[in-house]
Amino acid sequence: MPPPIPEQLTKYEKIEALVKGFKLSTLTYKRIMHLLDAEMNNGLTKHTHHVADIKMFPTFVRSLPDGTETGSFLALDLGGTNFRVLLVKIDELDVDIQSKTYLIPQRIMLGTGQQLFDHIADCIGKFINEHDLKGQKLPLGFTFSFPCRQEGLAKARLSKWTKGFRCEGVVGEDICQLLHEALKRRTNTDVEIVAIVNDAVGTLMSAAHGDRACEIGLILGTGCNACYMETLDNVGLWDTDNKDKAHPNQVIINTEWGAFGDNGCLDFVRTEYDRELDTYSINPGKQIMEKMISGMYMGEIVRLTLERLTSEGLVFMGADRDSLLFERGKFYTKYVSEIESDHDEFFRNTKQVLEELGIDNFTTEDCKIIKYVCTLVSARSAFLAAAGLATLINRLKKPEMTIAVDGSLYRFHPRFHNLMSLKIKELVHNGLKFKLSLSHDGSGKGAALVAAVAMRLRSLKV
Ligand code: ADP
Ligand code: MG
């Protein structure tokens with residue numbers, strides 16, 4: 001049970017007492033960076049890797065696009081919220097994309113692995129028919145955004161499900177193999193799965209196609225994750241026999257930093273709302289950093305805070321208890337963006353959101369309080385992501401670099417970019433310059449680019 005609020009406080013002191021856990025000092029962010037840096041070392045080091053929360057998986061993606069890649073590719077993007085099939089035509093620096101989004105029903109997200117991959121194969125089959133691609137031998141790049149232990153560019157075993165997925169019989173299995181078998185079962189298409197990457201890697205590849213200074217990829221969507229280009233000498237997990245001449249001495253590391261805090265090291269900054277959200281999630285105790293940052297959870301953190309403020313009689317005094325505000329998962333993260341986009345005393349978006357939630361009895365003061373809560377929760381999220389990026393920037397020590405970012409939270413939240421930039425500036429070592437750049441359709445285009453680079457390198461070998 002959360003501690004009671006002392007009676008003698010004024011209304012605003014009470015509100016402040018209930019939200020102050022979201023306001024962290026610069027010193028606290030620096031402490032978090034220190035812990036994160038140590039955990040990244042644990043992930044990279046052979047004898048500590050198995051106990052590390054942050055897995056720092058080597059990806060087998062070793063070369064960035066050099067601009068000479070060409071051809072047509074299929075790409076799949078399974079990110080957590082949407083599933084897309086894409087046809088990507090790469091002609092030197094010009095990239096043409098046609099794509100279609102398919103729904104993954106919740107019964108499939110929580111069903112069996114076979115149901116999931118059959119569904120994906122059916123969508124690919126439909127896409128190929130609709131785009132008259134039958135009979136063409138197309139290389140396929142798969143953006144599969146869940147933690148995987150990579151054994152090759154097209155071989156990746158799922159280490160655990162995250163976000164809203166929990167399909168039976170997939171953990172430990174080779175995802176490409178499962179897709180390959182489903183394609184054989186459900187379609188008669190001739191596709192070759194050339195590469196499997198996660199969305200952070202796709203985003204980095206996609207941005208690096210036009211910007212050689214790009215070294216880090218970041219996802220702020222359903223989940224939160226980052227990857228970066230690391231020199232092989234720092235990767236204790238890398239099998240030294242795997243050094244070949246076709247590649248530079250480097251590999252993209254998929255940090256899977258969403259799991260930071262799973263060992264309890266972030267407990268000193270978690271609020272009662274973070275703990276409650278975690279308890280009722282499908283993966284309690286897991287993905288602690290992700291749960292404090294990403295789009296799947298932010299709306300719910302705001303909702304839990306507002307629920308507590310309501311129960312203390314500090315907001316929505318006239319609200320109906322049947323309102324959706326009191327139902328888990330019904331306060332969407334897009335509401336946070338909408339509410340924070342209100343810039344005058346009319347609170348047009350906020351009123352619209354409250355109407356959608358079935359609250360019709362509210363005051364202007366209620367609107368101010370709800371916006372204040374959104375502002376605090378989104379700022380903490382942006383600052384934590386910034387602390388993660390600053391940790392990577394300080395490790396890489398490049399004087400100038402670009403960070404490619406993809407995901408709806410970064411794309412649509414009105415202040416995320418600015419909040420992150422300000423905080424990173426405060427946290428990086430003196431003189432290191434960086435640029436945060438939105439990667440257009442990084443998670444889709446990136447998988448095709450990884451496939452394209454693989455095909456280019458393959459053609460060099462023969
Ligand atoms: P994925 O991570 O599955 O590739 P997205 O990048 O589209 O997909 O991210 C989806 C997440 O973004 C969802 O959790 C959703 O709550 C959140 N989201 C969607 N629209 C907005 C918005 N306007 N503002 C903030 N977050 C949003
Ligand atoms: Mg995505």
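This report describes the overall build, the ligand site and several individual residues of a predicted model.

**Overall build**

The protein chain contains 16 helices and 13 strands. Its C-alpha atoms fill a box of roughly 80 × 50 × 40 Å, taken along the principal axes. The radius of gyration of the protein chain is 23 Å, which agrees with the value near 23 Å that a compact globule of 462 residues would have. Of these 462 residues, 57% count as buried, and among the contacts between residues at least 6 apart in sequence, 72% join residues that are at least 24 apart. The protein chain exposes about 19,700 Å², and carbon and sulfur atoms supply 50% of that area.

**The surroundings of ligand 1**

Ligand 1 is surrounded by 15 residues, of which the closest are Thr81, Thr222, Gly295, Ser337 and Ser408.

| Residue | Protein atom | Atom of ligand 1 | Distance |
|---|---|---|---|
| Gly79 | backbone N or O | oxygen | 3.4 Å |
| Gly295 | backbone N or O | oxygen | 3.2 Å |
| Ser337 | polar side-chain atom | nitrogen | 2.5 Å |

Taken alone, ligand 1 exposes 580 Å², and the protein buries 80% of that area.

**Ser381 within helix α13**

Which residues does Ser381 touch, when those up to four places away in sequence are not counted? They are Met292, Ile293, Met298, Leu409 and Phe416. Ser381 itself lies in helix α13, which covers residues 364-396, and it counts as buried because its relative accessibility is 0%.

**Cysteines**

A disulfide is a covalent bond between the sulfur atoms of two cysteines. How many disulfides does a search of the whole structure find? The search finds zero. Cys214 is in no disulfide, and the nearest cysteine sulfur, that of Cys227, is 8.4 Å away; because its relative accessible area is 1%, Cys214 is buried. Cys367 is likewise in no disulfide, the nearest cysteine sulfur being that of Cys374, 11 Å away, and with a relative accessible area of 0% Cys367 is buried.

Most residues other than glycine have a negative phi. Against that background, Phe60 has a positive phi of about 75° although it is not a glycine.

Lys397 is another residue other than glycine with a positive phi, here near 55°. Lys397 lies in the loop between α13 and β12 (400-406). Is Lys397 buried or exposed? Its relative accessible area is 59%, which is over the 50% limit, and Lys397 is therefore exposed. The helix on one side of this loop, α13, is the helix that holds the buried Ser381.

Key
Residues numbered from 1 in each chain as written. Chains lettered and ligands numbered in written order. Predicted model: local features only at pLDDT ≥ 70, side-chain atom pairs only at ≥ 80, totals over all residues. Heavy atoms only, no water. Helix = DSSP H or I, 4+ residues; strand = E, 2+ residues; numbered from the N terminus. Buried < 20%, exposed > 50% of the residue type's maximum accessible area, 1.4 Å probe, protein only. Contact = heavy atoms within 4.5 Å. Disulfide = S-S within 2.5 Å. Near = heavy atom within 4 Å. Polar contact = N/O pair within 3.5 Å; in protein donor to acceptor, adjacent residues only side chain to side chain. Areas by Shrake-Rupley, 256 points an atom, 1.4 Å probe, with all protein chains shown as cover. Rg over C-alpha atoms; globule rule 2.2 N^0.38 Å.
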